[in-house]
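Reader: Could you walk me through one spot in this model up close? I'd like to hear about its surroundings in one go, with the cut-offs spelled out.

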Amino acid sequence: MKSQLFFSLILFTSLVSTVFAEAPSEISTSSKQEELLQKNKRKQEEILSKYQDFYKSLQYRYPNLSFSDLPIDITNAKDLKLHNEAPGASDKKLKQIQAKADDSFYLRTEPNSRPEFLSKIKIKKGERLEVVLVLKKDPLAKSDGPNWCLVRTVNKKEGYTTSDLLTREGPKVSSRNVEFPSLEQGRISIQIPEENQNTNTTTKWSKRNFWVNVSVLNLRNDPDVNSYILAKLPKGEKLEVVYSTSKSDIVDGNESPWHFVSSNFGSGWVFGGYLSDSEISSESKIGYDNTSYPQENPNELIPGAKRYVRSTTLRLRDEPNEFGSVVTSIPGDERIQIIDVKNSLETIGGIKSKWIYINWNDTWEGWVFGGFVTKEKGQLVLSDDISKYFQIPVDNERYVSSSFGTRIDPVTGKQGAFHSGIDLPAPIGTPIKAVSDGVVWRTTTTSGGYGVLTIMSHKNNIYTYYAHQNTRKVKEGDRISSGDVIGEVGNSGKSTGPHLHFEVRKGPSQEALDPDAFLPK
């Protein structure tokens, strides 16, 4: 308890500083001197009042606490002044860490997941935030999970949230090949240092392949369980070791070195105790479209039924849609009880289900998507990121031959050409699936350009393009469900080989968006 208390006191005392009063310059009248003394007295009283409020909150949480337990006695302080009187003010020369909300959520009054610490301050997805403080876990505990962060809004409101709900804000770039690390997740590419610059590493396992041997393995930016998570690697994912730590670490009772690896999800550090030196069978590998998991019958999601969380974490929301704010996150395999069910069906990540109102642990109630719960415990899917509600349009093991952004045009050879989608190579005749529920908005065929093209419209003013088809199997106005076959892969139009050119666009202006932001990994 004392360690927790001491940390709380450090947070509070960082807001104040003790200084000795400087001798005032000679003043012409005693009234000016009295005015300065009164101003200083009011400031001290303000600080002492804040401290008393802080102490009362400690007494509430720790009833046996006494002043003798404290590392300082605030009443002995002299001439107090606010250390952070203007949070984020321009006259503060300290470097600010900026982030964006990766989802909508509520701030907390303390770094605690219990309901009584949930504030009324709602943060919208994409909102800019200043990260004031990151509370790293005890390194001796070797526990996994997100870190608590103290954040500040542009309106100077402060509160706590977990780092998995934040993403680092990077510079705008013209190519998706350059990306910025997030506080907890997201693909990045790290510059690999030369071995002679780091005497704590070895190339003993260099060029060796390993496979992920746990349901989900965190890819980190440092060889430490408290470092930022860059991506979540699925079971069976193949990794190539670049170099490793020369000393072993112990995590969850396993002793092993950390490996810096390259993978389809980017480069970073993983703990070797969670790896296998032989390939994991495909039956146990997490599929990108989740087809290796039993899908719940939406009609069996009824009030009173009990289910288990089937994602690594499940975000509980205050509304039954992707705009609902996160009130808490439920760990995988936790048991929940259904209280109510929304009648309409929706498709998210290729899964058709209903939103359900649930109770967890007799403590929390809220909405979750029914596609992320199951009757029996089992291997967990990577996440419940409902913003990525598209499924993969072709079965080609998620191989992308050309990404979104600037590139060298494969036909003209022009450098700096903008590629408005992604190319998914597959043999001619491979079925093309609708990535989500929608309506066939336009169909057209040209000798160049897109060739045989189908455009679908979806909710939230989103459109998807399916180009270079060999055969189209739908017509304008058709209502399509996620996963329905709408055509076949071809080589029509301006194409150098059989593939599907897939685009995501938004709004009346048909602004091109990066499909990777909508597709599951």
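Author: Strands here are DSSP runs of E with at least two residues, numbered from the N terminus. A quick word on the ground rules: this is a predicted model, where local features need pLDDT of at least 70 and side-chain atom pairs count only at pLDDT 80 or more, while totals for chains, interfaces and linings use all residues. Residues are numbered from 1 along each chain as its sequence is written, and side-chain values use heavy atoms, with hydrogens and water left out.

Back to the cysteine: Cys 149 counts as buried because its relative accessibility is 0%. Buried means under 20% relative accessible area, exposed means over 50%, and partly exposed is in between, using a 1.4 Å probe and protein chains only.

So who are the neighbours? Leaving aside residues up to four places away in sequence, Cys 149 touches Val 131, Leu 133 and Val 134 on the one hand, and Gly 159, Tyr 160, Thr 161, Ser 163 and Leu 166 on the other. A contact is heavy atoms within 4.5 Å. Take Gly 159: it is ten residues from Cys 149 in sequence, and the C-alpha atoms of the two are 8.3 Å apart.

Now for Thr 162, which belongs to strand β8, residues 158–162. Thr 162 is buried too, because its relative accessible area is 16%. With residues up to four places away in sequence again not counted, Thr 162 touches Pro 146, Asn 147 and Trp 148.

Conventions:
Helix = DSSP H or I, 4+ residues; strand = E, 2+ residues; numbered from the N terminus.
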